[in-house]
Amino acid sequence: MITYIRLTNFKSFSSISIDLRGSHGIPKKLALIYGENGAGKSNLILSILFLMQTMDTLTNQMHKNFSVNQITSLQDDEIKQKLLDLAIQERNSSLSDIIHNYWSIGNEKPMEIELGFRLNNHDGHYFASFSKQGIIKEELYGTLKEKAGILFSISQDKSFLSPSCFVTTKYKKELEEEIDKYWGKHTLMSILTYEQTRTNIPYIKNALSPVLLSIKKALQGINILCKVHYGETGRSIVLFQFLNNLEEGFTKAKDNRELLACEDMLNQYFTKLYADIKAVHYHFSKAKEGFHYTLYFDKLISGKICSVPVTMESTGTKKILEIFPLLFSYAAGQTVLVDEIDSGIHDLLMVQIMQMLLDLPAENRGQLIVSTHNTLLLDAVPPENVYVIRADANGNKKITCITEYKFRTQKNNSMRVKYLHGFYEGVPESGDLDFEELVTDTYKRIAQGEKGKVLHTEKGHNNE
């Protein structure tokens, strides 16, 4: 689980940190992040996605061996399109390209990220510092053999790999050679990821400390859904294959146990949340070497049960389906981050979903970190689970937990009421705007022309 995040010169943040630890330093299982539009809620969650993307750069580079000519010569159109999409994606997946997407505008200083974590009751952290061209320092701190310390620390002028991380000195030398070859353009985490894809898995397991491998797996196993300028993106490390393709996909057999289990879960999920949804099921159509499946809802419409494909459902219903694998992962003990979890979902329905999650046994839950604008949730969760991003007069950002404020929240003056009245800040502060004056002035400016002459307009389109 994540214990804290510290960012320097990352997108809109010059310097910011969020501490997700509760009593005795134990990470909180739930964190709701509030703030006005543009405060940086999405950027906070994007920082974890960025860190995970940096761990795949070397593997992506090596996969570029596919040439476009080889792909276009394939006969199967579906496979051809998938490989072309992959090739396009990988062209923009170098470390410098990824850094460029997250670099703070106008900044020339290093971009830094430190991610604190707790694994097997031991605390650790991963730190990375970047220039515009690549990695300039990388460090992992953790516990090996009940002793806490630096597992590795690499910079442009020196490197240290703890001997305790290796079962054999042979692999330590091999990895040092890989570092000399690739580090700078790629992180050590990225090098280790590539090593796991190209090397015999038992060899890696027998050569590296299981603690190091478990830390790396935990960092790469975080589930994320966040907003970017071209839509939504993220990565899910789901427990079942079909959780990645709930709407539609391909199966070799209609009676696939995983698919039927997903169908049963969705049936319970949606019939609990919607009064008009009476059942959820998959329709199958014959395809080459198997079946194509599509999700349908049996809905009560004008007194009749109609079978409706999910493609015809509302944006909100599709969003509820989209976040289901992430909520399932949280309920199964994984770490999950979701940006604007309430987007498109009715406020009261989101409260109902949150209450279902809070009813889960604490020992079974993972960690759920979300950004939201739904203030009704403030009456549904404890204050220690609520954070607010606020900016000062100079645009410097700070994230504060509600419990850090000195005044108490009374029953007749709830946390929600205090937030809406600006006690915790992080709410919009807009000036006066006269829309009538705005429209009138705009028409006048357009009508005056470049030298003060009134522009001639077609009849019916002038401002008479």
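User: To start, at what angle do helix H6 and helix H7 pack?

Analyst: Helix H6 (residues 169-182) and helix H7 (residues 188-198) pack at an angle of about 120°, and their axes are 10 Å apart. Axes here are lines fitted to C-alpha atoms, for helices over the stretch in contact, with angles running from 0 to 180 degrees between N-to-C directions. Helices (H or I, at least four residues) and strands (E, at least two) are DSSP runs, numbered from the N terminus. H6 and H7 are therefore oblique to each other, given that angles under 35 degrees count as roughly parallel, over 145 as roughly antiparallel, 65 to 115 as roughly perpendicular and the rest as oblique.

User: Which residues make that contact?

Analyst: On H6 they are Tyr171, Leu175, Glu178, Ile179 and Tyr182, and on H7 they are Leu188, Ile191, Leu192, Glu195 and Arg198, where contact means heavy atoms within 4.5 Å. By class, the contact of H6 with H7 has seven nonpolar, no polar and three charged residues; Ala, Val, Leu, Ile, Met, Phe, Trp, Tyr, Cys and Pro count as nonpolar, Asp, Glu, Lys and Arg as charged, and the others, Gly among them, as polar.

User: Before going on, what kind of model is this, and how are residues numbered?

Analyst: It is a predicted model, in which local features need pLDDT of at least 70 and side-chain atom pairs count only at pLDDT 80 or more, while totals for chains, interfaces and linings use all residues. Residues are numbered from 1 along each chain as its sequence is written, and side-chain values use heavy atoms, with hydrogens and water left out.

User: And overall, how many helices and strands are there?

Analyst: The protein has 14 helices and 18 strands. Of its 464 residues, 46% count as buried, where buried means under 20% relative accessible area, exposed over 50% and partly exposed in between (1.4 Å probe, protein chains only). Among contacts between residues at least 6 apart in sequence, 61% join residues at least 24 apart.

User: Back to H7: what does its packing with helix H9 look like?

Analyst: H7 and helix H9 (residues 210-220) pack at about 100°, with axes 12 Å apart, and the two are therefore roughly perpendicular to each other. Met189, Leu192, Thr193 and Gln196 in H7 meet Leu213, Lys216, Leu219 and Gln220 in H9, and these residues divide into four nonpolar, three polar and one charged.

User: What about helix H1 and helix H5?

Analyst: The axes of helix H1 (residues 41-54) and helix H5 (residues 95-102) come within 10 Å and cross at roughly 175°, so H1 and H5 are roughly antiparallel to each other. Leu46, Leu49, Phe50, Gln53 and Thr54 of H1 make the contact with Leu95, Ile98, Ile99 and Tyr102 of H5, which comprises seven nonpolar, two polar and no charged residues.

User: Is H1 mostly covered or exposed?

Analyst: H1 is mostly covered, with 13 of its 14 residues buried.

User: Which residues of H12 are buried, and what do they pack against?

Analyst: The buried residues of H12 are Leu349, Met350, Val351, Ile353, Met354 and Leu357, and they pack against strand E3 (30-34), helix H10 (257-273), helix H11 (315-331) and strand E16 (367-371).
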